[in-house]
Amino acid sequence: MKIASTPLPLQNLHLFQARPAGFMCQMSLLNPLTRPVATNSISLSEKRETSTELTRLHLANLEKLLQKPAALPNQLDPQPLHKDSKNNGPMENKGKGRLEGLNLARLWPEVKAPEQMSPRNFNRLQRLLSKTNEYSPRNNLGSRWREYHGSNQWKGLLDPLDENLRREVVRYGEFVQAAYQSFHSNPTMSEDGPPSPHQVVLPDKSYKLTKSLYATSSIGLPKWVDDMAPDLGWMTQRSSWIGYVAVCDDKREIQRMGRRDIVIALRGTATCLEWAENVRAQLVQIQEDNDDNSIDKTQRQSKVECGFLSLYKTSGAHVPSLAESVVEEIQRLVDLYKDETLSITVTGHSLGAALALLVADEISRRALNVPPVAVFSFGGPRVGNKAFANRMNAQNVKVLRIVNSQDVITKVPGIFVGEELDQKLRNTRVGAVVDMLEKNMPLDYSHVGTELRVDTKMSPYLKPNADMACCHDLEAYLHLVDGFLASDVPFRANAKRSLGRLLQDQRSNVKKLYTRKAKALTLNLERDRLPMSGCLPSPT
């Protein structure tokens with residue numbers, strides 16, 4: 001008998017062998033034809049032999065039952081049915097698994113019903129900690145793609161969060177993760193000539209890379225910095241690889257999305273000079289506005305942060321400015337696919353989120369026959385004043401800002417309050433005072449677009465007092481979006497995104513319960529660099 005083929009755990013065989021002698025005289029639920037054996041007339045060796053044979057017979061009969069079509073309940077249980085059972089319609093176990101119908105928990109007390117999936121379930125944690133490159137089927141967006149791209153400002157899709165939109169948000173966030181990984185794999189740029197082609201591993205294989213993008217700072221570090229710290233290397237270089245342009249090149253994916261999508265992905269701050277540009281918080285006017293007759297007087301008053309504009313407009317020694325590169329490449333792709341339905345999606349994190357707004361504004365004004373433009377930003381700071389926000393709205397640029405309530409970066413520069421509190425103040429008696437102060441302040445900043453707000457405290461895995469770096473981390477953002485259902489609903493229990501990368505990047509901010517479980521699963525997160533996770537499984 002090949003016992004290993006049965007689904008029953010072999011460690012439970014002793015439960016049969018350890019039964020008292022009277023057990024052999026009972027009718028077996030799995031072998032109703034077993035005949036009673038008189039226990040007082042056989043020797044000890046015969047008893048053991050009989051017990052072993054009965055055990056094997058039980059297992060053999062159980063294997064036969066599992067290999068046959070599911071039998072009716074009255075064939076499995078010799079007990080009489082209830083008088084009214086014939087008129088009760090479908091039986092309770094109808095449609096359930098064969099093992100459920102056998103009620104094995106009555107024979108083996110150790111076999112428990114599976115617990116409801118929850119964040120504290122060890123098996124579920126093991127699944128979330130494992131990474132896989134498998135891609136599950138995606139929902140067909142079809143004719144609704146414009147709605148998911150923000151044509152109606154995502155009304156009715158954010159709270160509660162639409163499952164298809166959740167997947168799209170996470171997918172675009174993974175494009176930004178690819179930009180981070182590509183930069184850190186090769187951050188150094190040559191000062192002697194044009195940069196070599198940059199290798200990018202895209203998270204979605206249906207897209208292909210078409211253009212590398214570079215940002216250049218207009219300021220430089222003092223010479224004494226290089227003298228005191230000559231080993232800083234790429235941290236002090238003026239021009240750096242900042243992101244890329246990719247286009248969907250798979251016919252089936254184009255059909256699923258309802259259009260050919262062009263993605264512009266931009267990473268966050270990495271070099272010393274980029275940090276220096278971030279703190280140049282004074283508002284400056286966009287110079288091109290004075291020469292553009294299509295912009296009215298109110299939009300001519302639009303201003304943006306000095307440091308962001310510097311990184312966006314400055315050309316390097318061997319690379320064009322980010323503004324020139326983006327417009328040139330987008331115009332080329334629009335002309336190349338002029339007979340197709342197109343969309344442009346700009347996505348970025350932190351500094352990349354700020355530059356994404358400038359990119360979207362530039363494309364909508366300068367590119368010809370421009371298709372719908374949408375921005376998906378993660379943890380982005382304020383970029384310009386209200387006139388700049390109004391101008392982007394007038395140009396029909398759709399912006400979805402994913403914001404963590406605990407992320408300080410989303411509250412700067414400008415008045416250090418959230419958008420909700422700012423709006424409440426404006427609706428009170430002091431609203432006029434707030435408007436007057438803003439008009440006369442050099443930091444008259446305002447956010448752009450529609451907000452999707454998540455919160456670190458809603459995650460059952462992260463500490464409620466997670467530090468500022470964790471609250472601004474991109475992987476933490478994607479983790480929170482994956483678990484977000486609605487503003488008044490807890491973290492969803494069936495979240496699919498792996499916790500491996502979150503543990504790797506933010507281990508000190510993960511609750512000790514899960515770090516201990518990860519250690520028990522022998523995951524060496526410090527030594528083995530985990531690959532980037534695949535796309536989020538389909539919500540269906």
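Q: How do the axes of helix H12 (residues 306–313) and helix H14 (residues 351–366) cross?
A: At roughly 65°, coming within 10 Å. Axes are lines fitted to C-alpha atoms, for helices over the stretch in contact, with angles from 0 to 180 degrees between N-to-C directions. This is a predicted model, where local features need pLDDT of at least 70, side-chain atom pairs need 80 or more, and totals for chains, interfaces and linings use all residues. Residues are numbered from 1 along each chain as its sequence is written, and side-chain values use heavy atoms, leaving out hydrogens and water.

Q: Which residues in H12 and H14 meet?
A: Phe308, Leu309, Leu311, Tyr312 and Lys313 in H12 meet Leu351, Ala354, Leu355, Leu358, Val359 and Glu362 in H14. Contact means heavy atoms within 4.5 Å. These residues divide into 9 nonpolar, no polar and 2 charged. Nonpolar covers Ala, Val, Leu, Ile, Met, Phe, Trp, Tyr, Cys and Pro; charged covers Asp, Glu, Lys and Arg; the others, Gly among them, are polar.

Q: What makes H14 oblique to helix H15 (residues 386–394)?
A: Their packing angle is about 50°. Under 35 degrees is roughly parallel, over 145 roughly antiparallel, 65 to 115 roughly perpendicular, and the rest oblique. H14 is therefore oblique to H15.

Q: How many bridges pair strand S8 (residues 398–404) with S9?
A: 5, in the parallel sense.

Notes. Helix = DSSP H or I, 4+ residues; strand = E, 2+ residues; numbered from the N terminus. Pairing = 2+ DSSP bridges.
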